[in-house]
Amino acid sequence: MNLRTVKTIFAKELLDMRRDKRTLVLMIGVPLVLYPGLFLFASQAAIMQLDKIERIPSRVAVVSAPAMTWSDWLARFFGAEPKALGAGDSALVAWVASVPKTELVEFDDPEQALDEGSLDAIVVSVEGVAAALAEGRRVRVTVRYDQTEPKSTRAQKRLVNGLRKQRDGLLKKRLKAIDLSSDYITPLAIETKNVASPTKTTGALLGAVLPILLLVMLGLGAFYPAIDLTAGEKERGTFETLLSTPTSKMDLVAGKFLTVFFLSMCAGLLNLMSMALTVTFQLAQFSGHALLFAVSLPPQTVFVLFVVLVPLAFLISALMMAVAMFARNVKEAEYYITPFFCLIVFPAMLATIPGTKLSPVTQFVPIVNVTLLFKDLMTDPANLEAVFAVVLSTGVYAVLALLLATWVFQREELILSEERGIPLTLRRSLFAPRTAPMPGMALALFAFCLLLLFYIGSFLQSKRLFTGLVVTEWGLILLPTLLILWYVRIDLVQALNLKRPSLGELAGTVLIGGGWVFLVAQAGVWHNKVLPMPEELAQEMERLIQIDQVAFGLAGLLLVVAISPAVCEEVLFRGALLSGLRQKLPPWVAVLVVGTLFGLFHLSVYRIFLTALSGLVLTYLVLRSGSLLTGVVAHFMINSFGVLVATKSLPGPLLPLLDEDIIEKAGLPWWLLTSALLLFAAGIVVLESSARTRRTARND
Amino acid sequence: MIRAEKLRKVFHAARGKSVEAVYGATFSVGAGEILGLLGPNGAGKTTLLRMIATLIVPTSGRCAVAGIDTDDDPNGVRRHIGFLSGNTKLYGRLTGAEVLRYFGRLYGMADEAIAQRTAELSDLLDMGEFLNQRCETLSSGQTQKVSIARVLLHDPPVLILDEPTLGLDILTSRTILDFILEAKNRNRAIIFSTHYMTEAELLCDRVGLIHRGDLLALGTKSALYAQTGTDNLKDTFLALVDRTDQGDG
């Protein structure tokens with residue numbers, strides 16, 4: 001990748017987008033002007049309306065319905081007209097008149113008036129209220145109103161409140177007459193009190209809304225650039241001009257992608273800011289209620305939000321670009337992206353269903369995981385493991401999407417074709433035979449295996465660790481790797497470095513491996529000081545190892561934990577991935593990248609660093625010797641050493657030195673570390689010299 | 001400078017159908033030479049030129065430009081090519097000067113070199129007054145001049161021009177044709193396609209006639225006239241097409 005070229009493209013695309021008025025209006029105008037404006041206008045209008053309803057007195061009619069006898073009911077059942085409503089009972093009229101902000105009105109047909117909206121409510125009772133009360137009976141009072149009319153609802157509330165006061169007064173009188181206190185008839189006073197802090201209450205509310213809003217904003221930010229930079233460029237006929245320059249497709253995609261990503265982030269942050277300002281301004285209007293809506297996010301939470309926002313914007317931008325690439329013109333691209341947009345908002349809406357939580361499965365589901373994490377973050381402090389899982393998996397999807405975009409870019413039939421539809425084929429016969437996978441394909445293969453591990457592997461291992469591990473290694477890592485490489489017609493022997501190492505190289509490998517197992521054990525001690533593994537996690541792992549040791553014996557354990565990863569993971573990492581990346585990257589960068597990806601593959605924030613370190617050593621071995629076998633041997637040594645330490649099955653003299661509890665406290669003795677370092681160094685010397693011999697032999 | 005051997009391109013259309021757009025084109029173009037490719041629309045001219053310019057990958061066959069194989073190092077090949085076609089338009093929202101700076105940088109030129117070269121070309125093509133206007137505001141003649149400047153910016157030894165005069169008025173066409181002759185005099189290897197026979201007669205040292213993906217004949221104008229017993233390219237072309245079609249029948 002040529003950074004100067006990428007920068008050139010990025011700068012040009014930004015300039016180009018800046019000069020496009022539509023983009024400016026959509027990206028800056030909408031969030032900063034239109035939408036807070038509308039929001040303010042709508043809420044102001046609502047406030048004014050509410051205020052008006054509050055001030056205007058309710059128009060109420062009081063009527064009395066004659067008491068119905070059972071023969072009246074029968075007559076009505078057979079279709080007789082109901083008896084006409086009479087004038088309101090005088091006692092009731094007096095009560096209603098005393099309710100604040102009500103106004104008594106009279107209508108010939110109050111029901112119709114209520115229906116038409118010229119009347120807000122009707123209060124109905126039987127006749128002779130005062131007499132009935134005097135006899136100690138109960139009188140039914142009905143307030144008829146129209147719930148769809150705010151004015152009518154308001155009248156209903158006013159009337160019910162007013163009549164309740166009357167009821168309480170009457171009750172007090174009756175109790176007094178028989179000499180009872182009002183406490184007597186309410187033996188239990190039931191109260192509820194919300195203990196959630198105002199921050200948490202608002203957080204829960206924001207947590208439901210914010211992710212969707214952000215997603216939409218990120219998407220809107222990416223929408224036009226993604227189309228304009230791909231389909232737009234095709235439509236305007238500048239694509240071929242660009243492709244005729246000595247620029248690699250990778251650089252083109254990178255430059256364009258960065259632009260889309262940048263604009264998407266800008267839109268996301270701009271919207272976030274404008275929303276925050278609008279909301280703050282809004283809250284100032286309800287100063288009396290401010291406490292209920294306290295919005296205060298601790299700075300760490302804001303930082304984590306931002307950290308998660310980055311891969312999310314990355315994912316959305318890459319996906320949109322990949323989709324837009326399939327289109328031949330802007331209109332077609334809009335057709336493709338719009339349903340796709342709904343597709344990404346939908347999972348976010350699912351996540352807002354109350355009760356859905358981040359779990360070992362949901363944390364790997366794209367979009368859903370980010371939404372759920374946001375929801376969590378709004379009410380609770382960040383959980384490192386969850387943030388890690390979400391960022392990692394979103395990152396993986398994002399890289400996959402970017403690879404897809406790059407791949408689409410490389411399909412000449414999509415770039416230059418004027419044909420209708422999508423002329424795309426994956427027939428095996430159309431792949432040119434190659435000696436190593438393309439770098440993009442190697443990365444895609446890695447990501448694919450990682451996804452299998454996310455979804456199937458973790459699940460299987462959580463059910464049964466032992467079987468799960470075997471299936472993961474052979475079925476989810478080795479098999480897909482071999483199948484895919486075969487399908488795209490890669491020469492397996494060359495791509496996987498299947499060649500016999502020289503005796504010297506093998507000796508060097510064993511020395512390096514022998515030294516490394518001690519060094520990495522010491523690194524583990526230091527690592528544990530900086531980032532201690534949670535107690536439960538460590539115990540859980542130990543427990544599973546013990547169960548499986550009992551069930552399968554040490555040999556079985558070695559087979560599953562040492563041999564099968566050594567074979568399967570080496571084929572993927574030091575075979576396919578290394579040979580793919582080596583074509584584009586300088587050797588030391590390839591070692592770094594493969595090592596890091598190897599660390600990431602172990603899906604745990606507590607294991608990344610150490611596995612990545614071992615990954616570096618393994619990658620170096622295979623790169624130097626050119627033989628996968630050296631990687632397999634060293635990988636086996638590292639893993640089996642771990643098993644022997646954990647099961648306390650090391651040979652006699654080593655056992656007391658490497659007891660876990662002792663290591664934990666003091667680390668390895670200095671003389672052992674020094675010997676290990678010497679062993680390691682000696683191994684490097686042996687390996688380098690025999691690799692050099694081999695190279696000179698070949699050059700001769 | 002250009003050496004093509006049995007270049008062949010098969011397109012896979014929908015439903016498993018495949019179209020042989022170019023089959024087995026073998027030819028070469030030297031420095032200071034103009035090769036014209038003649039043929040009706042859809043004959044395969046564009047596909048052939050795109051393969052040389054490494055915009056598409058040949059199904060089989062080899063091609064080298066300035067000694068570099070298009071398979072081995074497509075970026076290296078493109079560095080030595082100036083490519084102009086009806087589909088190589090300019091960015092409307094950028095000015096001519098910005099377009100040239102952008103492409104100069106993509107060709108790996110230093111900014112000073114770009115500025116210097118732009119000034120030279122601006123004088124040569126008389127672009128001074130409109131170079132700082134956005135391309136979308138330029139007339140077609142002005143646009144074409146900026147395009148030519150874009151092609152010549154990195155001073156490539158090979159020029160590939162796909163129907164460069166298609167749809168242009170006479171004056172603009174003349175600008176293009178002058179520029180092709182000028183480049184020939186500066187010892188560039190030029191391959192261009194057209195379906196205007198008169199242009200070919202005027203410019204080309206050698207002519208290749210393409211029909212339905214097949215390079216029917218290739219040679220100097222006089223050789224082709226002699227071969228078909230005609231005295232102009234139009235009749236030559238028709239005679240060759242008839243001969244092939246009869247051969248098919």
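At the start of helix 1 of chain A, a side-chain oxygen of A:Asn2 comes to within 3.0 Å of the backbone nitrogen of A:Arg4. The model is predicted.

- The buried residues of helix 1 include A:Val6, A:Ile9, A:Phe10, A:Leu15 and A:Met17.
- Helix 13 (residues 330–351) of chain A has 22 residues, and its end-to-end C-alpha distance of 32 Å is close to the 32 Å expected at 1.5 Å a residue.
- In helix 13, A:Val330, A:Glu332, A:Ala333, A:Ile337, A:Phe340 and A:Phe341 are among the buried residues.
- Further along helix 13, the buried residues include A:Ile344, A:Val345, A:Pro347, A:Ala348 and A:Ala351.

**Salt bridges within chain A**

- A:Glu332, one of the buried residues of helix 13, forms a salt bridge with A:Arg328, with N and O 2.5 Å apart. A:Arg328 is buried as well.
- A second salt bridge joins the side chains of A:Arg574 and A:Glu570 at 2.6 Å, N to O. Both residues belong to helix 21 (residues 535–582) of chain A, where they sit 4 residues apart, about one turn of the helix.
- A:Arg574 counts as buried because its relative accessibility is 0%. A:Glu570 also counts as buried, because its relative accessibility is 0%.
- A:Arg624 and A:Glu688 form a salt bridge in which the closest N and O atoms are 2.6 Å apart. A:Arg624 is in helix 23 (residues 608–625) of chain A and A:Glu688 is in helix 27 (residues 670–699) of chain A, so this pair ties together parts that are 64 residues apart in sequence.
- A:Arg624 has a relative accessibility of 27% and therefore counts as partly exposed, whereas A:Glu688, at 17%, counts as buried.

**A salt-bridge network and a contact between chains**

- Salt bridges with shared partners link A:Lys12, A:Glu13, A:Asp16, A:Asp20, A:Asp228, A:Glu233, A:Arg236, A:Lys256 and B:Arg93 into one network.
- B:Glu98 is located in helix 3 (residues 96–106) of chain B. The side chain of B:Glu98 reaches the backbone nitrogen of B:Thr95 at 2.9 Å.
- Not counting residues up to four places away in sequence, B:Glu98 touches A:Leu15 and A:Arg19.
- Is B:Glu98 buried or exposed? B:Glu98 counts as buried because its relative accessibility is 15%, and the cut-off for buried is under 20%.

**Chain B as a whole**

- Chain B contains 9 helices and 10 strands.
- Chain B has 249 residues, of which 53% count as buried.
- Of the contacts in chain B between residues at least 6 apart in sequence, 66% join residues at least 24 apart.
- Chain B has an accessible surface of about 10,700 Å², and carbon and sulfur atoms account for 49% of that surface.

**A nonpolar surface patch on chain A**

- A:Trp70, A:Trp73, A:Leu74, A:Phe77 and A:Phe78 make up a nonpolar patch on the surface, and together they have about 740 Å² of accessible area.
- A:Trp73 belongs to helix 3 (residues 70–77) of chain A. A:Trp73 counts as exposed because its relative accessible area is 52%, and the cut-off for exposed is over 50%.

**A buried strand residue of chain A**

- A:Ile122 is part of strand 4 (residues 121–125) of chain A. A:Ile122 counts as buried because its relative accessibility is 1%.
- Which residues are in contact with A:Ile122, leaving aside its neighbours within four places in sequence? They are A:Ala61, A:Val63, A:Pro110, A:Glu111, A:Leu114, A:Thr142, A:Val143 and A:Arg144.
- A:Thr142 lies 20 residues from A:Ile122 along the chain, and the C-alpha atoms of the two are separated by 8.0 Å.

Conventions. Residues numbered from 1 in each chain as written. Chains lettered and ligands numbered in written order. Predicted model: local features only at pLDDT ≥ 70, side-chain atom pairs only at ≥ 80, totals over all residues. Heavy atoms only, no water. Buried < 20%, exposed > 50% of the residue type's maximum accessible area, 1.4 Å probe, protein only. Helix = DSSP H or I, 4+ residues; strand = E, 2+ residues; numbered from the N terminus. Polar contact = N/O pair within 3.5 Å; in protein donor to acceptor, adjacent residues only side chain to side chain. Salt bridge = Lys/Arg side-chain N within 4 Å of Asp/Glu carboxyl O. Contact = heavy atoms within 4.5 Å. Expected span 1.5 Å × (residues − 1). Areas by Shrake-Rupley, 256 points an atom, 1.4 Å probe, with all protein chains shown as cover. Patch = residues over 30% accessible without salt bridge, like charges linked within 9 Å, V, L, I, M, F, W, Y side chains within 5 Å.
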